[in-house]
Amino acid sequence: MNDTNSNVLLISGHPDLQRSIANSEILNLLATTSQIKIHKLDEACQGFQIDVPAEQALLTQADTIIFQFPLYWSTYPALMKLWFDEVFTYNFAFGPNGDKLKGKKVILSITCGATENSYQPGEFNFLPIEQYLQAAMHPVKAAQMDIVDTVITFEMNSTPDEGGDQNTVMQLAQQHVERLTHLLN
Ligand SMILES: Cc1cc2nc3c(=O)[nH]c(=O)nc-3n(C[C@H](O)[C@H](O)[C@H](O)COP(=O)(O)O)c2cc1C
């Protein structure tokens, strides 16, 4: 992408990074190794209160926007859904004068607990993940943004009771960041 990273904005949709392993590690690694501006919705939108003009201003200043989120029921968490509902408004993101985000590059950066294999007919998640993400990306496409890539890491389950392992998730987070960074350089 040949970016200097200086105009890259990451929107974190995790609802509570204090209780996160995968997303918090990804954000920590990016904060120490890149110039990406990191905007955490769980901090900025506490109590589900969203400062819409401030969020819109952040977006307009960026050239590339990374949407970073854990997959919850095969879409983004409720906080990020509300954020899209409130921030992607008429005549900002769509409508006759709604071109404020047009042409901006978008990267989806997603952590999943499930296996890749589970996202196919006959398996637990029964559809390819790309199909689930169509609805999630509706506002982005309506805003005529340019989704240039998607980085997904499966099996980021750190809960031992569910067969997970924190060390594995930390290693996967490192690899996830390497893939993201590679895209930006
Ligand atoms: C409410 C909820 C729903 C989830 N739904 C899915 C799902 O549909 N597919 C999947 O692969 N993982 C699912 N997971 C697992 C999360 O994606 C996983 O725990 C998360 O990506 C790990 O990131 P974190 O450590 O930053 O929280 C779900 C987790 C929660 C809490």
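Which residue in E4 does phenylalanine 69 stand opposite? Point 3 returns to this.

1. This is a predicted model, in which local features need pLDDT of at least 70, side-chain atom pairs count only at pLDDT 80 or more, and totals for chains, interfaces and linings use all residues. Residues are numbered from 1 along each chain as its sequence is written.

2. Buried means 20 or more other C-beta atoms within 10 Å of the residue's own, exposed means 12 or fewer, and partly exposed lies in between; C-beta atoms are placed from the backbone. Thr64, Ile66, Gln68 and Pro70 point one way from E3, while Ile65, Phe67 and Phe69 point the other way.

3. Strands count as paired if DSSP finds at least two bridges between them. E1 (residues 8–12) and E3 run parallel and are joined by five bridges; serine 12 has glutamine 68 as its bridge partner in E3. Seven bridges join E3 to E4 (residues 105–111), also in parallel. The residue opposite phenylalanine 69 is isoleucine 110 in E4.

4. Phenylalanine 48 sits in the loop between helices H2 (41–44) and H3 (52–61), and counts as exposed because it has 12 C-beta neighbours inside 10 Å. Glutamate 155 is in the loop between strand E5 (146–153) and helix H7 (166–184); with 18 other C-beta atoms within 10 Å, glutamate 155 is partly exposed.

Conventions
Helices (H or I, at least four residues) and strands (E, at least two) are DSSP runs, numbered from the N terminus.
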